[in-house]
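Please consult the sequence and the coordinates shown below while reading.

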Amino acid sequence: MRQEWDRFWAHQKGDVKGVSWSKKRIQNILDSYVHPGLKVLDAGCGSGYFSQYFIARGCETYTLDYSQDALNLAKKITKGSSQEYICADLLDEAFAKDNRARFDIIFSDGLFEHFSQKEQDRILKNFKQMEKSNGKTITFVPNKYTLWRVLQPFYMPGIKERPFSLSNLLALYRRNSFKIEAFGGINVLPVSVSPESLGRWFGMLVYCIGE
């Protein structure tokens with residue numbers, strides 16, 4: 001899978017001038033949890049868009065991906081302002097052990113759907129180990145009940161996904177001993193007037209926040 005991601009990110013320019021409504025709504029949710037001084041791990045950073053958001057909010061930001069091409073792009077987007085750019089595999093239990101109780105927030109957007117259920121459990125267990133005692137793990141994943149499931153192979157050729165329902169995501173958290181603080185869905189339609197009331201069922205993304 002690493003080769004597919006390197007190939008994908010090598011062709012991305014990282015232009016963040018046009019911000020999607022989904023990213024804006026993710027930020028609206030994050031704003032309640034993010035404040036200056038927190039140690040944040042952007043896990044599976046991709047382009048680095050959210051690393052830049054955390055940096056702008058005054059967080060001590062650690063930008064991680066296992067694609068070096070993604071990290072190169074993230075470093076460009078963040079202008080080298082992350083505390084560290086980490087090329088690591090989130091399945092690596094030794095990495096989690098080395099970073100035990102280090103982070104106030106562990107964030108991922110579009111990560112877990114690329115792994116099997118067994119691997120998802122392993123990653124979330126690693127997140128649990130890397131959280132501080134009062135830390136949060138905040139996860140956004142694509143909803144399988146949306147048009148994105150049809151469009152994804154065209155936008156991301158060669159990249160396999162297993163989208164979630166909200167109940168699937170909540171089950172992942174509960175299986176791995178997380179206390180669920182908040183959950184829902186966002187951006188039913190890719191327009192500014194998209195209703196949030198239906199997000200938990202038909203949102204393009206579903207999310208869970210736990211500790």
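## Strand E1 and its neighbours

In this predicted model, strand E1 is mostly covered, with 4 of its 5 residues buried. Strand E1 spans residues 39–43 and pairs with strand E4, residues 103–109, in the parallel sense over 3 bridges. Strand E2, residues 60–65, also runs parallel to E1, and 5 bridges join these two strands.

The order of the strands is E3-E2-E1-E4-E5-E7-E6, which together make an open sheet of 7 strands with mixed pairing. Strand E3 (84–87) and strand E6 (180–186) are at the edges; each has a single partner strand, so one side of each lacks a neighbour in the sheet. From one strand to the next, the twist averages 15°.

Within this order, E4 and E5 run parallel and are joined by 6 bridges. Phe107 stands opposite Ile138 in E5. Of the 12 residues of E5, 9 are buried, so this strand is largely enclosed by the rest of the structure.

## Helix H2 and its packing

Helix H2 covers residues 21–30 and helix H3 covers residues 49–56; their axes come within 12 Å and cross at roughly 40°. The two helices are therefore oblique to each other, and the crossing of H2 and H3 is right-handed. On the H2 side, the residues that meet H3 are Lys23, Ile26, Gln27 and Leu30, and their counterparts in H3 are Tyr49, Phe50, Tyr53 and Phe54.

An α-helix has 3.6 residues a turn, so residues three or four places apart point the same way. The buried residues of H2 are Ser22, Arg25, Ile26, Gln27, Ile29 and Leu30. The packing partners of the buried H2 residues are H3, E4, E5, E6 and E7.

Which strands does helix H8 lie across? Helix H8, residues 166–175, lies across strand E5 (131–142), E6 and strand E7 (205–210), and runs at about 20° to E7.

Helix H8 also meets helix H6, residues 117–130: the axes of the two helices come within 9 Å and cross at roughly 55°. That angle makes H6 oblique to H8, and H6 passes H8 in a right-handed crossing. The contact involves Gln117, Gln120, Asp121 and Leu124 of H6, together with Leu172, Tyr173 and Arg175 of H8.

## Cysteines

How many disulfides does the structure hold? The number of disulfides is 0. Cys45 is in no disulfide, and the nearest cysteine sulfur, that of Cys87, is 9.5 Å away. A disulfide requires cysteine sulfur atoms within 2.5 Å.

Are Cys45 and Cys59 buried or exposed? The cut-off for a buried residue is under 20% relative accessible area. Cys45 has a relative accessibility of 8% and so counts as buried. Cys59, at 9% relative accessibility, counts as buried too.

## Residues with positive phi

Ala101 has a phi near 50°, a positive value in a residue other than glycine. Ala101 is placed in the loop between helix H5 (93–98) and E4. With a relative accessibility of 42%, Ala101 counts as partly exposed.

Ser177 is not a glycine, yet its phi is positive, at about 65°. This residue lies in the loop between H8 and E6, where H8 is the helix that lies across E5, E6 and E7. Ser177 is exposed, with a relative accessible area of 57%.

Key. Residues numbered from 1 in each chain as written. Predicted model: local features only at pLDDT ≥ 70, side-chain atom pairs only at ≥ 80, totals over all residues. Heavy atoms only, no water. Pairing = 2+ DSSP bridges. Axes fitted to C-alpha atoms, helices over the stretch in contact; angles between N-to-C directions. Contact = heavy atoms within 4.5 Å. Buried < 20%, exposed > 50% of the residue type's maximum accessible area, 1.4 Å probe, protein only. Parallel < 35°, antiparallel > 145°, perpendicular 65-115°, else oblique. Left-handed = near helix turned anticlockwise from the far one by under 90°.
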